[in-house]
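Take a look inside a protein. Where is empty space left, and how can a probe show it?

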Amino acid sequence: MANKIPTRIYLSEDEMPKSWYNLRADMKNKPDPMLHPGTLQPVTAEDLAPVFCKGVIEQELDETTRFVPIPEEIQDFYRAYRPSAVIRAYYLERMLDTPAEIYYKFEGTNTSGSHKLNSAGPQAFYAKKDGLTSLTTETGAGQWGTAMSMACAFYGLDLTVYMVKISSEQKPYRKTLMEAYGANLIPSPSNTTESGKKILEKDPNTGGSLGCAISEAIEKAVKTDKCRYVLGSVLNHVLLHQTIIGLEAKAALDKFNVKPDIIIGCAGGGSNLGGLIAPFMGDKIAGKSNARFIAVEPASCPSFTRGRYAYDFGDTAQTTPLIRMQTLGSGFMPSANHAGGLRYHGMNSTLSKLFHDGLLEARSEVQTDVFDAALKFMKVEGILPAPESSHAIKAAIDEALECKKTGEKKVILFGLSGTGFFDMTAYQSYNNKTMEDRVPSDAELEKGFATILDIPQNK
């Protein structure tokens with residue numbers, strides 16, 4: 001190929017970022033603070049101490065430090081699988097016959113198969129530093145549970161994972177892998193916690209949700225000695241850790257003076273999307289860029305496109321602090337969508353604020369269209385994408401085809417957040433034409449909205 005830009009752009013080990021980027025420090029309009037559900041006052045470090053590790057509490061509440069140094073121990077952990085490549089999708093461009101340049105940041109080269117290890121490692125490190133002996137967490141599609149299992153095995157910590165029940169049934173080999181690393185996996189909701197029992201009393205046949213699994217994991221953590229809870233998305237310290245993705249992508253593209261016009265990521269709780277866009281969004285806020293940012297979510301769980309911007313609980317049992325975010329209501333139960341990592345009722349508060357202020361676009365896609373895009377991509381680029389990541393692929397293809405229609409040569413960057421090798425049941429369903437597109441009705445959404453508390457809030 002005549003183009004001088006290589007197919008794969010790598011940073012050297014020495015070029016790997018040494019700090020995470022805190023986008024909130026550069027935002028003119030900050031996300032609203034988390035509130036204590038009892039007092040409705042901003043949460044303090046003391047409020048969060050029974051649930052989270054000290055290191056992540058400090059990062060969660062910090063809105064002023066632009067660059068947070070990555071401890072040497074975590075840099076060493078990262079070097080096992082980072083830096084990851086930015087790949088020019090030459091073959092996809094050719095198939096689409098588009099003038100657009102398409103790039104993707106590939107995060108699926110570690111054993112967890114996704115970007116999740118970028119935060120699992122730091123959270124396990126901070127837990128070990130605090131003298132803890134065990135952790136609890138939730139997982140949807142299984143990427144986060146696998147990553148956390150890997151990190152806990154590395155740091156010698158016990159781990160209990162509450163996996164959304166429908167996902168555990170769809171992906172039994174995720175359970176096998178987590179258990180191979182020493183984790184204890186429990187399908188959620190379960191009879192092992194009071195919150196799980198209450199959920200099952202209301203609906204014994206529920207497939208569960210991330211909100212349910214979070215409730216159980218938090219309950220287990222606060223009732224267990226020397227144990228804390230760790231979260232794979234939604235909160236700002238997780239987004240902070242994931243900025244390693246965007247920082248690497250920006251540094252790699254800068255080598256060839258490539259400036260993205262459109263940056264796209266899938267959106268569930270926000271960690272992959274937020275990590276990818278953060279440094280580019282910082283440039284936009286500073287007036288150095290006019291890039292567009294697109295969040296892509298499943299039509300079955302449309303917290304951006306059909307949700308409300310309100311204070312809401314992060315879990316179904318309503319035990320967490322209140323977060324102002326795009327939400328479908330903590331009581332919303334999504335359908336059994338195969339993109340299990342995107343089945344969450346709310347969205348990260350920073351991304352929600354950017355969306356509310358018009359800096360971030362959002363769209364939703366039905367899963368048959370998403371899987372159609374995934375197979376198009378796989379056949380030419382040679383990577384089997386995770387269903388979650390395939391939402392970003394769908395939008396990237398649509399934007400590239402729009403360039404074909406208009407003749408504009410735009411640069412598109414999207415996040416390929418993971419691989420789909422544990423998602424063969426979903427691909428089989430698509431191939432057999434038994435996959436269904438479930439889109440909640442307005443009436444179904446109203447049931448979720450009814451669980452949102454009526455809290456006065458600023459615009």
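## Ground rules

This is a predicted model: local features need pLDDT of at least 70, side-chain atom pairs count only at pLDDT 80 or more, and totals for chains, interfaces and linings use all residues. Residues are numbered from 1 along each chain as its sequence is written, and side-chain values use heavy atoms, with hydrogens and water left out.

## Counting the cavities

Rolling a probe the size of a water molecule over the atoms shows where empty space is left. A cavity is a set of points, on a 1 Å grid over the protein atoms alone, where a 1.4 Å probe fits but cannot get out. Points are joined across faces, edges and corners, and a volume is the space filled by probe spheres set on them. The count here is five cavities of 30 Å³ or more.

## The largest cavity

The largest cavity holds about 320 Å³ of space. Its lining (residues with an atom within 4 Å of a point) has 32 residues. Nearest the centre lie K116, S233, G269, S271 and G341.

Helices (H or I, at least four residues) and strands (E, at least two) are DSSP runs, numbered from the N terminus. Among those that supply at least two lining residues each are β6 (134-139) and α6 (143-155). Helix α12 gives the most, with three residues. By class, the lining has twelve nonpolar, 17 polar and three charged residues. Here Ala, Val, Leu, Ile, Met, Phe, Trp, Tyr, Cys and Pro count as nonpolar, Asp, Glu, Lys and Arg as charged, and the others, Gly among them, as polar.

## The second largest cavity

The second largest cavity has about 50 Å³ of space. Y21, N22, L23, R24, N236, L239, L240 and T350 line it. Helix α11 (residues 236-254) provides the largest share, three residues. The classes are four nonpolar, three polar and one charged.

## Cis peptide bonds

R82 and P83 are joined by a cis peptide bond, with omega about -5°. P83 sits in the loop between α3 (72-78) and β4 (86-88).

The bond from S188 to P189 is also cis. Its omega is near 5°. P189 is in the loop between β8 (184-188) and α9 (194-202).

## Positive phi values

L40 is not a glycine, yet its phi is near 60°. It lies in the loop between β2 (19-21) and α1 (45-48).

K433 has a positive phi of about 60° and is not a glycine either. Its loop runs between α16 (424-431) and α17 (442-449). K433 is exposed (over 50%), with a relative accessible area of 76%.

Terms used: 1 Å grid on protein atoms, 1.4 Å probe; cavity = no way out; pocket = protein on both sides within 12 Å on 5 of 7 lines; lining within 4 Å. Buried < 20%, exposed > 50% of the residue type's maximum accessible area, 1.4 Å probe, protein only.
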